Amino acid sequence: MASFWVSRASRGRRSLKPSLSSLFLSNPLTSPTRPTPAVNPNPSLIVIPIRQFSILTPSFKFSRENEESSCCSNLALVRRISTLSNSKNEDNKHGTGRELSWIDLYLPRQARPYAHLARLDKPIGTWLLAWPCMWSITMVASPGHLPDFKMMALFGCGALLLRGAGCTVNDLLDRDIDTKVERTKLRPVASGLLTPFQGVSFLGFQLLLGLGILLQLNNYSRILGASSLFLVFSYPLMKRFTFWPQAFLGLTFNWGALLGWAAVKGTLDPAIVFPLYASGVFWTLVYDTIYAHQDKEDDLKVGVKSTALRFGDSTKLWITGFGMACIGCLGISGYNADNGWPFYLFLMGASGQLAWQIWTVNIYCRTDCNRKFVSNKWFGAIVFSGILFGRLLS
């Protein structure tokens, strides 16, 4: 049982009221068992017992999710309480102010800033970039056959490299903005951990590796893949000029829907590939608008634009329309590709996952927006499974 003593100067001994001696400091994480009042050995001291609680780990921490729980739940009494682990304390002593990841634990110190610059510890961006590639490569497979695993491996590596390159370009162009935003001010370039020259050099290294992958494809795919670099370099600037940077991100992130088909066939089938590409663009408008709601206050402060600011309280209406367009385009693409019945069964499941995101997201809670955004890796996996089984059983 945990208890604490509150000292009181006593001008005269007064008997305490029964209601005062039974005060408890409630905590949502405490045991529901009401403790027995402690014996007060000194009447000049007030004893206020609190509920007993058990923590399974010696170091316990309320994360940002708990801090923001007032916007996500009714636990308004929970405040930011932290007992940091030794490693986190050591990290903060060195001035990083950032939660530890596998990068900080396992990579050499010199490599850590570059790994953080490429967001290697946050794989969701790689998943979102890779899924349209996998959809296209699987869609082009012959009926009754598995997709080309070598091509899928190449595109998986390409997605990792291109996503890292995109993050590097973004951080180089936005370093003046990132320093003004709490969530981004500790990024390697914005914080000064890396110089712009080091960032540009790292970008060149990533693009060189990406070129090595691109050269393994056919000539048609090489030209098509190289043309996507215009989108990669221009997207980070769009939020300075238009409220629709999420649409430009959709055009960029889903280029693999075109490239995957071309890498296998050496050409494009517009009736299949264009609806597939459009479905990815609408999907991006859904998840990145949800993501943008995390930063809308900071965006207003620094003067950049987003669909979150454009739609405001009408966000759910807009992204519902984008979600319906995404599912519709996927259905058209699968129908034109003669996918089997499992494709439509999984498409219903994907529709449910997307509807769950849209209907339940709290656009005023950063934690919930991030949770729904990250869940899109499962939407991509469901669609991929539908295309795969649809091809095998068609």
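**Exercise 1.** Find where aspartate 298 sits in this predicted model, and work out whether aspartate 298 is buried or exposed.

*Solution.* Start with the secondary structure: aspartate 298 lies in helix α16, which covers residues 296–302. Next, check the relative accessible area, which is 9% for aspartate 298. Buried means under 20%, so aspartate 298 counts as buried. Last, look at what it touches: leaving aside neighbours within four places in sequence, aspartate 298 is in contact with Val181, Glu182 and Arg366.

**Exercise 2.** How many disulfides are there?

*Solution.* Remember what you're looking for: a disulfide is a covalent bond between the sulfur atoms of two cysteines. The cut-off for the sulfur pair is within 2.5 Å, and by this rule the count is 0 disulfides. Take cysteine 326 as a check: the nearest cysteine sulfur belongs to cysteine 329 and is 7.5 Å away, and cysteine 326 is in no disulfide. Now for burial: cysteine 326 has 0% relative accessibility, so that one is buried. Cysteine 167 is buried too, with a relative accessible area of 12%.

**Exercise 3.** Which residues form the nonpolar patch on the surface, and which helix gives the largest share of the patch?

*Solution.* First list the members: Trp102, Leu105, Tyr106, Leu120 and Leu160, which together have about 540 Å² of accessible area. Then sort by element: helix α5 (residues 102–106) supplies the largest share, 3 residues. Finally, zoom in on tryptophan 102, which is in helix α5. Its relative accessible area is 39%, so tryptophan 102 is partly exposed.

Methods: Residues numbered from 1 in each chain as written. Predicted model: local features only at pLDDT ≥ 70, side-chain atom pairs only at ≥ 80, totals over all residues. Heavy atoms only, no water. Patch = residues over 30% accessible without salt bridge, like charges linked within 9 Å, V, L, I, M, F, W, Y side chains within 5 Å. Areas by Shrake-Rupley, 256 points an atom, 1.4 Å probe, with all protein chains shown as cover. Salt bridge = Lys/Arg side-chain N within 4 Å of Asp/Glu carboxyl O. Helix = DSSP H or I, 4+ residues; strand = E, 2+ residues; numbered from the N terminus. Buried < 20%, exposed > 50% of the residue type's maximum accessible area, 1.4 Å probe, protein only. Contact = heavy atoms within 4.5 Å.
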